[in-house]
Amino acid sequence: MKVRVKFAKEGAMKFIGHLDIMRYFQKAVKRAGLDAAFSEGYSPHMIMSFASPLGVGITSTGEYFDLELKSVYSSKEMVNKLNDAMVEGMRILSVRQVEEGKAGKAMSLVAAADYVITFREGKEPSEDWKQRITGFMDQPCISIVKKTKKSEKEVDIRPFIYDMEEKEGSICLTLAAGSSNNTKPELVMEAFCGFLGVPYDQWDFMVHRSELYADTGTEEERNLVPLEDLGEEIE
């Protein structure tokens with residue numbers, strides 16, 4: 001049986017990289033006493049896959065990994081067992097049964113993500129930044145230089161900013177995610193600062209990822225569904 005585990009990564013744990021988080025959960029599953037399935041061959045490994053790597057320094061209450069189990073407890077029991085094995089800054093939010101096979105893999109399903117941008121004290125970009133979000137989003141094109149390890153290229157990220165609004169002094173973003181059109185919130189903030197005519201400094205704000213979505217809609221109309229909602233509680 002395959003289950004999808006939703007977890008939060010907060011506090012000092014935001015400084016732990018993705019590979020170390022993977023190793024951490026492999027050990028935590030063993031400590032929790034869950035009956036995990038392993039691959040066959042000379043070097044068996046726990047059958048586990050993460051939905052989308054989270055950048056170092058970013059907190060989240062919307063992270064996921066899929067885990068193959070040979071036998072299961074109820075969702076509530078597995079949440080409790082895993083939480084008993086967690087360290088400070090890591091919390092298990094839900095465990096749900098999901099579809100078997102590659103088509104149901106969290107990694108391949110990710111289509112969008114929610115982020116909350118909170119400015120550090122005294123670091124808000126300008127006096128009227130809240131009122132100028134609408135004008136920023138009304139632009140037909142938002143060009144930014146996207147850097148990779150091998151090259152730099154100018155891209156239009158406007159099609160990949162699904163929503164942007166101000167709530168209680170923070171910026172809430174819904175951005176394209178996944179393997180093809182993955183859009184980092186830092187790129188959006190860099191473009192927004194350019195639109196405001198102020199210097200961009202990534203240390204002026206904190207980033208929190210609050211959800212990951214699958215898209216169950218069509219090419220004409222998106223229908224974003226939290227990855228958690230694609231599974232069912234185990235009684």
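I take buried to mean under 20% relative accessible area, exposed over 50%, and partly exposed in between, with a 1.4 Å probe and protein chains only. By that rule I find that 46% of the 235 residues of the chain count as buried.

**Basis.** The model is a predicted one, in which local features need pLDDT of at least 70 and side-chain atom pairs count only at pLDDT 80 or more, while totals for chains, interfaces and linings use all residues. Residues are numbered from 1 along each chain as its sequence is written, and side-chain values use heavy atoms, with hydrogens and water left out.

**Overall form.** I counted five helices and twelve strands in the chain; these are DSSP runs numbered from the N terminus, with helices being H or I of at least four residues and strands E of at least two. Along the principal axes, the C-alpha atoms fill a box of roughly 55 × 40 × 40 Å.

For contacts (heavy atoms within 4.5 Å), I noted that residues 24 or more positions apart supply 70% of those with a separation of 6 or more. The accessible surface comes to about 13100 Å², and carbon and sulfur atoms hold 48% of that surface. Such areas come from the Shrake-Rupley method with a 1.4 Å probe, and for residues only the protein chains shown count as cover.

**Empty space.** Rolling a probe the size of a water molecule over the atoms shows where empty space is left. On a 1 Å grid over the protein atoms alone, a cavity is a set of points where a 1.4 Å probe fits but cannot get out; a pocket is an open set with protein on both sides within 12 Å along at least five of seven lines; lining residues have an atom within 4 Å of a point. Grid points are joined across faces, edges and corners, and a volume is the space filled by probe spheres set on the points.

I found the largest pocket to have a volume of about 1300 Å³. Its lining has 39 residues, and Gly55, Ile58, Asn182, Lys184 and Glu186 lie nearest the centre. Among the elements giving two or more residues to this lining are strand 6 (110–119), helix 5 (185–196) and strand 11 (205–215). The lining divides into 18 nonpolar, eleven polar and ten charged residues.

My search of the whole structure gave one cavity of 30 Å³ or more. The largest cavity holds about 70 Å³, and its lining includes Phe7, Lys9, His18, Phe50 and Glu63. Strand 1 (2–9) and helix 1 each give two or more residues to that lining.

**Single residues.** I looked up leucine 19 in helix 1 (residues 18–32); leucine 19 counts as exposed because its relative accessibility is 55%. Valine 225 belongs to strand 12 (residues 224–226) and, at 17% relative accessibility, counts as buried. Leaving out residues up to four places away in sequence, valine 225 touches Leu212, Tyr213, Ala214, Thr216 and Leu230.

Glutamate 168 lies in the loop between strand 9 (161–167) and strand 10 (170–176). Glutamate 168 is not a glycine, yet has a positive phi of about 50°. Glutamate 168 is exposed, at a relative accessible area of 82%.

Technical notes: Nonpolar A, V, L, I, M, F, W, Y, C, P; charged D, E, K, R; others polar.
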